[in-house]
Amino acid sequence: MNSSILIITMTLVLAFYLGIRAKKGREMKLDQWAVGGRNFGSLIMFVLMAGEMFSTFVFLGASGAAYRMGGPTIYIFCALTYIVPFWILPPIWRYAKKHNVLTQSDFFTKKYNSKPLGLLVAVIGVLSMIPYIVLQLKGFQIIVSEASYGLIPPTVAVWIGMLCVTVFVYVSGIHGSAWTAVLKDILILVVIVFLGIYLPIHYFGGIQPMFETLEATKPGFLLLPDEGFSISWYISLCLTIALGQYMWPHCFGASLSSQNESALRKNSAILPLYQIILVFILFIGFTAVLQIPNLQGGETDLALFKIAKDAFPPWIVGVVGAAGMLAALVPCSMLILTAATILSKNIYKAVKPDTSNEQLAKLTRIFVPIVSLVSLIFTFYGGNTMIALLTMAYSFVLQIFPPLVFSLFKRNPVSKAGASAGMILGVVLVAYFTLAEATMATLLPKAPHFIQDLDIGIVAITFNLIVMLAVSAFTRKDQQMIQEEEPVKRIITS
């Protein structure tokens, strides 16, 4: 066993220990298991939310995107992503606490007084999370295989990693995710900052010389082009990310574990500090462009490991691999936990409403290994289409944003029929565009480039909004009349 494998193994054992120990002294009822009894302070919320957002997709994908795309990779610094939750999460948390809401689907069911709408949101959520879990696992395979110099087979690695995550999620719930997120954030911070500073100095004598060499070697590489990855592409993609980030069921659910509204606002204010890490990830990608040229296709996502293995001894590569491994497993744990909770509380109970809370708590844990197993099957047999499915999934959850925001108004102009119609249309449009590999450019070949370059998620949410408001205008009065008649009917029957 070389030093790299030893470090990876020790880190995994430590993460597993922390995940199991997180249960100590707690009675794991469903609210404690799923949302930590709504008792997480600002620090835990910071590492937990960072654990959700900074995953293997950022660890491998951001450096790979910098290698492939150059300047347009700045889309990962979308500051709007942290402004949106500052305003919407506190009222969501307040309502959730008052009405004992544990999931995103619960929120819609209560707000719109509609179990079918809650079920629709639950189905969209689960369909979106499975490819996200699979992406983490595929990233985990790559990271462990690369960091171990090919000595650990990817299949063996992913089985061991998934087994560890499944066990500590089953035992400790969100507490296990929070404790392992602390370890992950420390490792990620140290590794990325070190690599981002050391590599440009090692190869070019500094960060400025690295940029000067890059501009001289690849002129215009650091600029946004007039077509393709243009300004309109950048703006629309940033809007998709910002509006959709906290619509992910696991991010939404993690926010409900906060101790109070203040902790959520503090978290939104300080979480952008984590973006500093992304600067160093770009430095790694830009250095790799010059030192390891001609990587093609999926190989570009290996840029970080390729250059790390070129510059460092195995034990440092092992530390890098350990950080990347946790960047995959921590988000995976929250995704599995959230999917299991939605499957039991919002889908199974919708079919069998007489299920007791005790039965629900047991069933939720049973769903944990089931979700894990399904994700493993897709990981092994899903092919490379999962990247496309993740893009589709991100635009799926974006369609939840309009009815959620309108539900926070004192007078909600959206009816449950309007919310359902808008979301269904948005999801159908996204699925069509993704599966048909269509873009605005292929649909409108004669349109100006700023139209052709628009991200499909924004196009879908625009049609979603139009249909949602139009249907609501026709159905809102009927819905209000039904709601006004219900109390009278209850009085008469009683």
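## Terms and model

Buried means under 20% relative accessible area, exposed means over 50%, and partly exposed lies in between (1.4 Å probe, protein chains only). By that scale Pro314, at 35% relative accessibility, counts as partly exposed.

This is a predicted model: local features need pLDDT of at least 70, side-chain atom pairs count only at pLDDT 80 or more, and totals for chains, interfaces and linings use all residues. Residues are numbered from 1 along each chain as its sequence is written, and side-chain values use heavy atoms, with hydrogens and water left out.

## Helices

Helices here are DSSP runs (H or I, at least four residues), numbered from the N terminus. The expected span of a helix is 1.5 Å times one less than its number of residues. Helix H17 covers residues 357-381. Its 25 residues reach 36 Å from first C-alpha to last, close to the 36 Å expected. Buried residues in H17 include Leu360, Leu363, Thr364, Phe367, Val368 and Val371.

Helix H14 spans residues 275-291. Its 17 residues reach 25 Å, close to the 24 Å expected. In H14, 14 of the 17 residues are buried, so this helix is largely enclosed by the rest of the structure.

## Contacts across the sequence

Helix H16 runs over residues 314-351 and holds Ala328. Ala328 is buried, with a relative accessible area of 1%. Ala328 and Lys184 are 144 residues apart in sequence, yet 9.5 Å apart in space, C-alpha to C-alpha.

Pro314 also has its place in helix H16. Its C-alpha is separated by 8.4 Å from that of Ser148, 166 residues away along the chain.

## Aromatic rings

A pair of aromatic rings is described by the distance of the centres and the angle of the planes. Rings of Phe, Tyr and Trp (its six-membered ring) pair if their centres lie within 6.5 Å; planes under 30 degrees apart count as stacked, over 60 as edge-to-face and the rest as tilted. The whole structure has 20 aromatic pairs. In one of them, Phe86 and Trp87 have ring centres 5.2 Å apart and planes at 80 degrees, so the pair is edge-to-face. Phe86 is partly exposed at 27%, whereas Trp87 is exposed at 58%. Tyr203 and Phe204 make a tilted pair, 6.5 Å centre to centre with 55 degrees between the planes. Phe204 is buried, at 17%.

A charge sits over a ring if NZ of Lys or CZ of Arg is within 6 Å of the ring centre and within 35 degrees of the ring normal. The charged end of Lys309 sits over the ring of Tyr149, 4.9 Å from its centre. Arg365 lies over the face of Tyr170, at 5.8 Å from the ring centre. Arg365 is also one of the buried residues of H17.

## Loops with positive phi

Two asparagines come next. Asn113 has a phi near 50 degrees, a positive value in a residue other than glycine. Asn113 lies in the loop between helix H6 (104-111) and helix H7 (115-147). At 46% relative accessibility, Asn113 is partly exposed.

Asn294 has a positive phi of about 70 degrees, although it is not a glycine. Its loop runs between H14 and helix H15 (303-311). Asn294 is exposed, with a relative accessible area of 66%.
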